[in-house]
Amino acid sequence: MKKYLYILVALFICSCEDVIDVDLNTIEPKLVIDASINWFKDSPGNEQEIKLTLTAPYFANEIQPASGAQVTVSKAGDDIFVFTEDSNTGIYKNNAFIPQINETYSLEIRYQDQIYSATETLKSVVDIDFVEQNDEGGFSGDETELKAFYTDPINEENYYFFEFLNDIPDIPTLEVYDDNFTNGNQIFGFYTEEELEAGDLVTIRNYGVSERFYEFMFILLQQNAQEGGGPFETQPATVRGNCINETNPKNFPLGYFRLSEVAELIYTVE
C-alpha cells in the first residue's frame, strides 16, 4: 500500500510543475562600444583593439558582434589610426597606434548608416609600490586580503581604476578611487578572496582615468554591488557613457571610450 501511496504522491508533485513563458518587452538592438585603449608601462602601446557588439534579449545565449563597421581614432585632428575588423568577430585592431599622455583622442564609428563618436584624454598613472597580504581578513577572518599600495602625486587631481584578476572567479574584481582625501599620500587598492591559496597568481592593474570615467564606473559598480538591491535602494538605470550617436541621438550607444596608462604587477600569494 505504501508503494502505491509513494507513486501517487510523485505523480501529484509532477503534475504541479508547469512551464511559464515570460513575455518580456524587446527593443531594437543597441550598439555596445568597448573602446579601451590601454598603454602598459614599458611597452610601445602600438597594438590596440576595440570591440563592438549588440545588445541582446535577456534570455539570449550569445552576444552578437557588430560586424562591418568603419572604426577610426584620431589624435589632435592629424594622426588617424584605422582599426580593421578581425574576420567577422566585431573586434577591430590597429598595430600602429601612437599613445601620448595628456593627448586628446577622438573615436569615430560608422555602423549601419549611423555615425557614433566620442572624445577622451589619455591619462597617466603612477606605479604600484608594493603589495601587502593579510590572511585573516573579511568578516569571517579567514579571507586573504591584498592591498596594492601606490603614491598619489601631490597637487594633482587623479582618478584610478583598479582591476584584480586570477583563476578563481570568472569575473575580475573592479574598483575605482579618487584622491579627494588622499592627495599626495600613499594609498592602496583593495582586494579580498577567500579561496586564494599560497602560490596563486593575482594580476593587479591600475589604470589612470578621467573624472568622467570614474563617475561612470562608480555608478555601474554601485548598481552591481552584492550588498545592493534592498527595498529602498535606487532602481538600476541605463548608465550613459561618453559615446554619442551623431546621426540619431535617441538611438544612443552603450559603453565607453577610454584611454589609460596602465601599471601592472603580478603578485604571488604567500
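**Exercise 1. Locate T203, decide whether T203 is buried or exposed, and list its contacts outside the local sequence.**

Step 1. T203 belongs to strand β13. Strands (E, at least two residues) and helices (H or I, at least four residues) are DSSP runs, numbered from the N terminus.

Step 2. The relative accessible area of T203 is 17%, so this residue is buried. The classes are buried under 20% relative accessible area, exposed over 50%, and partly exposed in between, with a 1.4 Å probe and protein chains only.

Step 3. Contact means heavy atoms within 4.5 Å. With neighbours within four places in sequence left aside, T203 contacts E163, F164, L165, E264, L265 and I266.

The model is predicted: local features need pLDDT of at least 70, side-chain atom pairs count only at pLDDT 80 or more, and totals for chains, interfaces and linings use all residues. Residues are numbered from 1 along each chain as its sequence is written, and side-chain values use heavy atoms, with hydrogens and water left out.

**Exercise 2. Give the strand order of the open sheet of 12 strands and name its edge strands.**

Step 1. Two strands pair if DSSP finds at least two bridges between them. The order is β11-β10-β13-β15-β1-β2-β5-β4-β3-β6-β7-β14, and the pairing is mixed.

Step 2. β11 and β14 (244–245) pair on one side only, which makes them the edge strands.

**Exercise 3. Describe helix α2, which residues of α2 are buried, and what covers them.**

Step 1. α2 spans residues 211–223, 13 residues in total. From first to last C-alpha the helix reaches 19 Å, close to the expected 18 Å at 1.5 Å a residue. The expected span is 1.5 Å times one less than the number of residues.

Step 2. The buried residues in α2 are F213, Y214, F216 and M217. They lie on the same side of α2 because they cover an arc of only 165 degrees around the axis. The arc is that of the directions from the helix axis to the C-beta atoms. In general, an α-helix has 3.6 residues a turn, so residues three or four places apart point the same way.

Step 3. The cover over these buried residues includes β10 (159–165), β11 (173–178), β13 (201–209) and β15 (254–268).

Step 4. α2 packs on the sheet, and its direction makes about 135 degrees with that of β11. Axes are lines fitted to C-alpha atoms, for helices over the stretch in contact, and angles run from 0 to 180 degrees between N-to-C directions.

**Exercise 4. Work out the pairing of strand β9 and explain why β9 is largely enclosed.**

Step 1. β9 covers residues 143–151; seven of its nine residues are buried, so the strand is largely enclosed by the rest of the structure.

Step 2. β8 (residues 128–137) pairs with β9 in the antiparallel sense over seven bridges. Q133 is opposite L146 in β9.

Step 3. Five residues separate β8 and β9, which form a hairpin. In the turn, G138 has a positive phi of about 75 degrees.

Step 4. β9 also pairs with β12 (residues 186–193), antiparallel over eight bridges. Y150 has I187 in β12 as its bridge partner.

**Exercise 5. State the confidence of the model, and where the pLDDT is below 50.**

Step 1. pLDDT is the predictor's confidence in each residue, from 0 to 100. The chain has a mean pLDDT of 87, with 83% of residues at 70 or more.

Step 2. The pLDDT is below 50 over residues 2–9, a stretch with zero contacts in the model beyond near neighbours in sequence.
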